[in-house]
Amino acid sequence: MTTTIENPTPPVEVRQTGQPGKAPRGRTLTILLWPIRHWSVVVAGAVLVVAVLWALVPGWFAHSDPTAIGATDKLLPPSSAHWFGTDRLGRDQYTRVVHGARASLSGSVVAVALGVAVGSVFGALAGWFGRWIDAIVMRLIDVVLSIPGFLLAITIVVVLGYGILQAAAAVGLTSSAAFARLIRSEVLRAKASQYVEAAVASGARSSTVLLRHVVPNSLGPTLSLVTIQFGIAIIWIASLSFLGLGAQPPSPEWGRLVADGRNFMASEPYLVVYPALTVAAVVLAGNRLARHFAERQKR
Amino acid sequence: MSSDVTPRVARDITAPSGPVLAVEDLSVGYQAGRGTKTAVEHISFELEPGQVLALVGESGSGKSTIGHAILGLLPTNGRLLGGSVRYRGRTISDLSGGRLRGLRGRAISLIPQDPTVSLDPVRRVGPQVEDVLRLHTSLDTEARRQRVHELFELVGFDDVERRYRQFPHELSGGMRQRVLIAAAVAVEPDVIVADEPTSGLDATVQAQVLDLIDDLRRRGGTSVVLITHDLGVAADRSDLVGVLRDGRLAELAPTAAFVQNPQDEYSRHLLDNVPARLSFVTDRSGGTPSGDPEPAVEVRNLSKRYEGHTAVDDISFTVGRGRTFSIVGESGSGKSTTARVLTGLTQATAGRVSLLGTEVGTLNTKAFRPLRRDVQIVFQNPYASFDPRFDVLSVVEEPLRSFQPAGSARRRRQENRDRVVAALEAASLPASFLHRHPRELSGGQRQRVAIARALVLEPKVVVLDEPISALDVSVQAQILELLVKLQSELGLTYVFISHDLAVVRAISVRVAVMRRGRIVEQGEIAQVFESPASPYTAQLLGAMAGRQLAGR
Amino acid sequence: MARYVLKRLMHTVLVLWAAYTLAFILLTALPGNAISNLINNPQNQLTPEDGKLLKAFYGLDHPVVVQYVRALDALLHGNLGYSLSSGVKVSDLLGDALPGTLRLTALGFVLGAVIAAGVGVGGSYARWNWLRTLLRSFPALAASVPSFVIGILILYYFSFQLHLIPAVDDGTFLALVGPAVTLGVMISAPLSQVFSASIAATRRQPFVHVLHARGAGERYIFGRGVLRNSSLPVLTMLGLAVGELIAGSVVTEAVFARNGIGQITLNAVNTQDLPVVQGVVLVATAGYVLVNLVVDVVHPLIDPRIRADILAARSKRTKRSTGSTPTGPGVDEAMSPRLPEEVAAR
């Protein structure tokens with residue numbers, strides 16, 4: 001059932017001009033209305049921009065030192081001086097959340113980069129060469145994916161040791177199997193596609209086919225997984241840190257902040273709530289943007 | 001079959017006088033963005049009991065929208081903008097959902113477009129037909145099952161109990177369509193909307209399915225709204241023809257009158273472009289003006305086996321230089337595999353293939369490459385054969401770059417561009433198309449781009465794999481015309497693969513009929529069409545729609 | 001069919017062995033372990049002889065390959081080795097902790113499935129537009145909140161504020177509710193996402209249109225066609241959700257200070273107690289892989305096309321998969337959990 005109405009075909013077909021041109025006025029209106037119709041995308045983008053700025057230039061947002069201990073300011077509730085209150089050592093919680101962005105975000109960047117890098121190498125090799133390389137890589141992926149992911153990450157942390165980078169590496173390595181599998185299937189899909197066949201039939205060299213057709217067309221679908229993986233990586237790294245397996249004190253990583261505040265939850269819930277909501281907001285914003293780009297790509 | 005001229009109105013009908021279905025001044029639109037696009041406008045027609053109305057039109061003409069509107073099943077963004085649908089004098093287009101549901105399937109039923117996806121894949125087919133009885137009758141379980149068995153017999157199944165228990169994927173396309181027809185006639189509706197009921201089916205199956213609908217209609221005095229893109233089918237199978245163009249009814253006339261003497265200019269245009277009426281081969285006798293040309297393509301005892309089955313089984317043929325040789329067959333006949341062997345996309349298992357004097361049968365893809373300068377292919381679906389990231393220039397330029405030293409692309413940019421423009425012009429496309437994306441082009445334009453890509457290297461042999469079967473009739477004619485023109489200008493040799501006998505007759509001198517991997521018959525067009533030697537060819541010819549038109 | 005089940009079972013065993021080996025390789029790459037920590041800690045005042053004795057007891061004085069073969073041999077006899085930090089049998093340690101964790105994950109699983117079913121059906125069919133919109137935004141929201149945040153919020157409001165559930169595990173069912181809801185919400189995110197997406201996709205299928213044309217109402221169509229078709233991807237997802245449940249239980253048990261596999265894992269990690277880590281990985285992987293085996297066996301029962309593929313695969317065993325030929329999830333792909341595309345795209 002077609003829901004879009006094609007331009008009817010007049011008898012002399014060359015006259016047809018494909019998409020009907022839009023009136024210029026309608027176009028400006030569309031552009032002006034875009035932020036209103038996609039307000040959630042705009043909000044998500046703003047949240048992410050702020051989070052990234054927190055990570056890059058925390059000094060713009062919080063002027064005090066995240067590790068400065070204030071002996072007289074312990075466990076103060078949120079106020080105009082301390083937006084998110086202060087922790088048990090009198091450190092300004094807002095400052096710590098702002099500075100925590102760097103650990104959380106850079107950790108997830110490292111994790112995703114590692115996952116994509118390892119995953120693409122294995123996936124592309126398996127998909128392009130096929131045969132025994134494919135068989136081995138696929139079995140390897142099977143095995144890695146058969147271990148519950150977070151547990152595998154924990155196991156890798158045991159080997160690598162504690163720390164934000166180690167946690168990021170663990171998350172990245174764990175996710176690489178999923179990337180490898182996706183990239184392999186995309187390479188296979190592109191390889192079997194008719195445009196690749198048409199390129200071969202028109203005389204293209206196999207290097208051309210790989211570099212001009214297969215690789216670029218395999219990347220698109222991978223991108224949407226990459227954007228989603230950012231959110232997952234933030235959550236996992238925060239979870240590892242929450243369990244004490246990631247960032248170590250006094251680093252103000254977000255999961256760490258939640259873990260630290262847990263003991264004061266009955267009396268000082270704000271110590272937990274603000275960092276927790278920060279993680280949720282950033283991940284939510286990231287996923288919203290990821291979905292937006294996935295939808296646009298589909299069109 | 002229906003070549004007889006008996007009136008189609010059933011005799012034993014005791015329905016009240018007056019039309020069983022009337023559509024009055026119907027307009028339907030779809031919401032797109034903030035506006036509404038009108039899909040059909042001011043459609044009016046009446047259908048007497050037992051009559052068949054064929055709604056004909058090219059893609060986007062709005063014919064399916066009318067079918068949906070009659071059933072009250074417009075997509076969620078569809079809106080009735082005006083007019084009404086009346087069933088037995090009662091307006092049904094403004095009924096509430098519940099009351100309309102009572103009519104659907106019981107009074108007006110649907111035979112859907114694509115049988116392969118119109119059945120629930122995880123349910124047995126018997127119970128799916130039973131749904132209609134469950135919804136509209138008070139029969140008990142046993143009676144329902146009994147009735148479905150009867151219906152299955154009616155649509156020509158033997159071993160109905162086994163069929164009842166089968167799943168859709170265990171049935172062929174034609175059989176699935178029979179199941180859907182059984183469901184459509186289960187409670188003896190007054191009107192059946194048949195929405196392209198045979199699209200995607202092979203010609204012989206198409207004829208069987210249409211015969212079945214005809215037969216059931218005649219028995220039950222049912223009226224049919226037959227929605228089709230195929231004027232041949234419409235001419236063979238209807239009492240009334242409505243021609244749709246841009247959502248308007250260009251002409252509504254009794255079929256015989258319409259075929260003899262179409263009133264509307266667009267109708268005439270459509271009729272003139274029906275493949276059955278086309279002919280681009282001036283010399284019908286097939287006699288060669290200057291003796292037999294040297295062969296461009298020679299195939300001897302070619303076989304291609306895949307694991308489990310044989311796609312091509314010991315076929316031989318020769319194509320003379322500058323000639324068109326057609327291979328015709330239904331799906332699974334091995335014609336496309338033959339095309340793939342000829343273009344080096346797959347290797348033959350046995351036999352010899354010689355292209356322009358080079359043995360290629362067993363060359364692998366890499367060794368075949370030098371030959372591609374001279375042998376190119378045009379695929380059925382041009383859009384799928386273009387890299388989705390490429391614009392027209394990149395698509396057409398690709399073969400040129402393939403045979404230029406790597407890295408010289410920048411130096412040759414202007415030269416390549418000029419050659420691409422020349423190829424586009426040869427395919428009757430303006431140079432302004434260079435930086436358009438195929439997405440923005442119509443089906444015919446895309447196929448012209450594909451043809452330009454095939455020609456840009458100035459090859460000698462072009463394999464055309466169903467190059468026009470995805471296109472509208474009038475566009476088909478234009479592309480055929482273009483192909484013929486290019487052949488005479490450039491001296492091209494064509495191997496033309498098609499399922500459509502009428503098209504084959506219009507374009508080629510020699511033809512081979514394939515079935516299950518074998519060539520059952522080959523020879524001059526005239527001879528094969530006038531006095532087929534093989535019963536299968538005769539069957540194919542018999543199933544050809546549009547003989548009413550060809551015989552004018 | 002029996003052959004198919006047998007084949008999957010064998011594959012499962014192989015995967016388990018490979019996973020165990022992988023974990024072994026990973027963990028032997030580790031420079032330190034609990035024993036060497038013990039020996040090297042000057043506070044313990046161990047003589048080199050004591051150290052040797054300890055190493056010999058745990059078999060650590062042998063080359064890695066010998067250690068591996070021994071471990072494998074012991075494993076076949078149901079022996080997972082001894083904890084390095086407490087000397088207790090790993091199997092006893094896990095056996096004690098498992099029931100609590102199983103209860104928790106089972107309840108979490110059921111809750112997750114119920115939430116997902118409600119969100120999926122409600123988000124597609126609810127009468128009010130606002131409710132549909134609300135329910136449809138649930139999966140994305142739930143997927144964005146880390147499980148420890150959900151757990152802490154539940155703990156804060158329902159224990160500390162409302163005093164509805166105990167803050168520590170007192171062995172009652174009520175104490176199970178908090179962590180189980182945490183897990184349920186966590187896994188309901190991907191489940192409801194897949195369910196909603198596949199209901200929507202199924203309702204766009206032409207066969208649903210045909211059912212409408214036969215005069216069927218939404219309820220009838222849902223019951224007879226949409227439900228079954230759209231639960232197929234959910235089934236796969238249910239198998240994958242078990243992996244998340246296991247991971248989630250580690251975090252959740254930490255939040256609610258419950259004893260269980262999670263607690264043991266954390267202790268083992270903190271003390272570099274390798275045999276225990278190894279044992280946890282093995283048990284969790286076994287549970288995960290077994291659930292997916294069940295999914296694989298149930299799948300063809302629901303979907304006749306996969307049944308047909310299995311039969312066809314037997315006759316055409318050698319056919320090389322090109323990726324374009326759709327093999328049913330049962331045939332070659334099923335064992336490895338994978339995210340359906342709808343999830344990846346959302």
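**Note on chain B of a predicted model**

1. In this predicted model, strand E3 (residues 52-56) of chain B runs parallel to strand E8 (residues 223-228) of chain B, and five bridges join the two. Within this part of the structure, B:Ala54 is the residue that stands opposite B:Leu226 in E8(B).

2. The strands E3 and E8 belong to an open sheet of six strands in chain B, whose order is E6-E7-E8-E3-E9-E10 and whose pairing is mixed. At the edges of this sheet are strand E6 (108-111) and strand E10 (248-254) of chain B, each of which pairs on one side only. From one strand to the next, the twist averages 15°.

3. A helix is also to be found against this sheet: helix H10 (residues 265-273) of chain B lies across strand E9 (240-245) and E10 of chain B, and runs at about 100° to E9(B).

4. Turning to the backbone, B:Asp25 lies in strand E1 (residues 21-32) of chain B, and its phi is near 50°, which is a positive value in a residue other than glycine.

5. B:Asp159 lies in the loop between helix H4 (141-154) and helix H5 (160-165) of chain B, and it counts as partly exposed because its relative accessibility is 45%.

Key: Residues numbered from 1 in each chain as written. Chains lettered and ligands numbered in written order. Predicted model: local features only at pLDDT ≥ 70, side-chain atom pairs only at ≥ 80, totals over all residues. Heavy atoms only, no water. Helix = DSSP H or I, 4+ residues; strand = E, 2+ residues; numbered from the N terminus. Buried < 20%, exposed > 50% of the residue type's maximum accessible area, 1.4 Å probe, protein only. Pairing = 2+ DSSP bridges. Axes fitted to C-alpha atoms, helices over the stretch in contact; angles between N-to-C directions. Contact = heavy atoms within 4.5 Å.
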